Amino acid sequence: MILNSENVLSRSPSQKIKRKAIHLDSSMHPGFRTYEPLLCRIGTSFGFSDSETSDLVEQISFYAGSFCTDSYAFGLKIWLSKLMVRKCIFKISKTLFSQNASIEVKPRVLSYYSYIKNSRSCSQNMPLSLTTVYILKSKIEFDEIEIAEILNGSSIKIKNRFQEAKFFLNNC
């Protein structure tokens, strides 16, 4: 089957992944497909393009296929979300730290995030730790306990970070 570029560009990240990952089904964790749309939402909420999100989800599918998470306390959804968030943070951090250190550049972390693009410019200086919690709580709608498990923190710390992020966005 030949696909034209118009057809490929109009697909959502999860549709692209389904086409790309047909050969992965035998090695994929049985519940992975259930959470694929959630992983795509996480990637796009961090501001990654559809193709970048597809690549990240594909990496996670390979990894998840080689491990059994039946004993994981919070289940497959949290484990896969944790993997996706780690990959997103790593990719963002890699970009930030690869900037030339001799040039005095403030990290513009939030320029990576799609939900902030129409927001005020002062929100671009919010720390990544606050931004991550804000995305997971407001965009993905995880609760504090789930976010604490994803980020290896306490629910109190997560609640405080979310309050700080809201304060930061409201008072800049």
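1. Contact here means heavy atoms within 4.5 Å. With that in hand, take the contacts in the protein chain between residues at least 6 apart in sequence: 61% of them join residues at least 24 apart. Keep in mind that this is a predicted model.

2. On the overall make-up: the protein chain has 8 helices and 0 strands, so the pattern to follow along the sequence, by the DSSP runs, is α-α-α-α-α-α-α-α. Of the 172 residues in the protein chain, 40% are buried.

3. Helix α6 is a handy one to check for length. It covers residues 128-139, and at 1.5 Å a residue those 12 residues should span 16 Å. The end C-alpha atoms of α6 sit 15 Å apart, which agrees with that figure.

4. What does α6 hide, and against what? The buried residues in α6 are L128, L130, T131, T132, V133, Y134, I135 and L136. They pack against four helices, namely α3 (32-45), α5 (75-97), α7 (144-151) and α8 (155-170). After α6 comes E141, and the phi of E141 is positive, near 65°.

5. Two of those partners of α6, α5 and α7, also pack on each other, at an angle of about 55° and with their axes 9 Å apart. That angle makes α5 oblique to α7, and the crossing of the pair is right-handed. On the α5 side the contact is made by K77, I78, S81, K82 and V85, while α7 brings E146, E149, I150 and L151. Sorted by type, the residues of this contact come to 4 nonpolar, 1 polar and 4 charged.

6. Is L39 buried or exposed? L39 has a relative accessible area of 0%, and since buried means under 20%, L39 counts as buried.

7. Which residues surround L39, once its neighbours within four places in sequence are left aside? L39 is in contact with F32, T53, V57, I60, L80, S81 and M84. One of these, S81, turns up again in the contact of α5 with α7. K82 belongs to that α5 and α7 contact too; L39 and K82 are 43 residues apart in sequence, yet 9.7 Å apart in space, C-alpha to C-alpha.

Terms used
Residues are numbered from 1 along each chain as its sequence is written. This is a predicted model: local features need pLDDT of at least 70, side-chain atom pairs count only at pLDDT 80 or more; totals for chains, interfaces and linings use all residues. Side-chain values use heavy atoms; hydrogens and water are left out. Helices (H or I, at least four residues) and strands (E, at least two) are DSSP runs, numbered from the N terminus. The expected span of a helix is 1.5 Å times one less than its number of residues. Buried means under 20% relative accessible area, exposed over 50%, partly exposed in between (1.4 Å probe, protein chains only). Axes are lines fitted to C-alpha atoms, for helices over the stretch in contact, and angles run from 0 to 180 degrees between N-to-C directions. Angles under 35 degrees count as roughly parallel, over 145 as roughly antiparallel, 65 to 115 as roughly perpendicular and the rest as oblique. A crossing is left-handed if the near helix is turned anticlockwise from the far one by less than a right angle, and right-handed if clockwise. Ala, Val, Leu, Ile, Met, Phe, Trp, Tyr, Cys and Pro count as nonpolar, Asp, Glu, Lys and Arg as charged, and the others, Gly among them, as polar.
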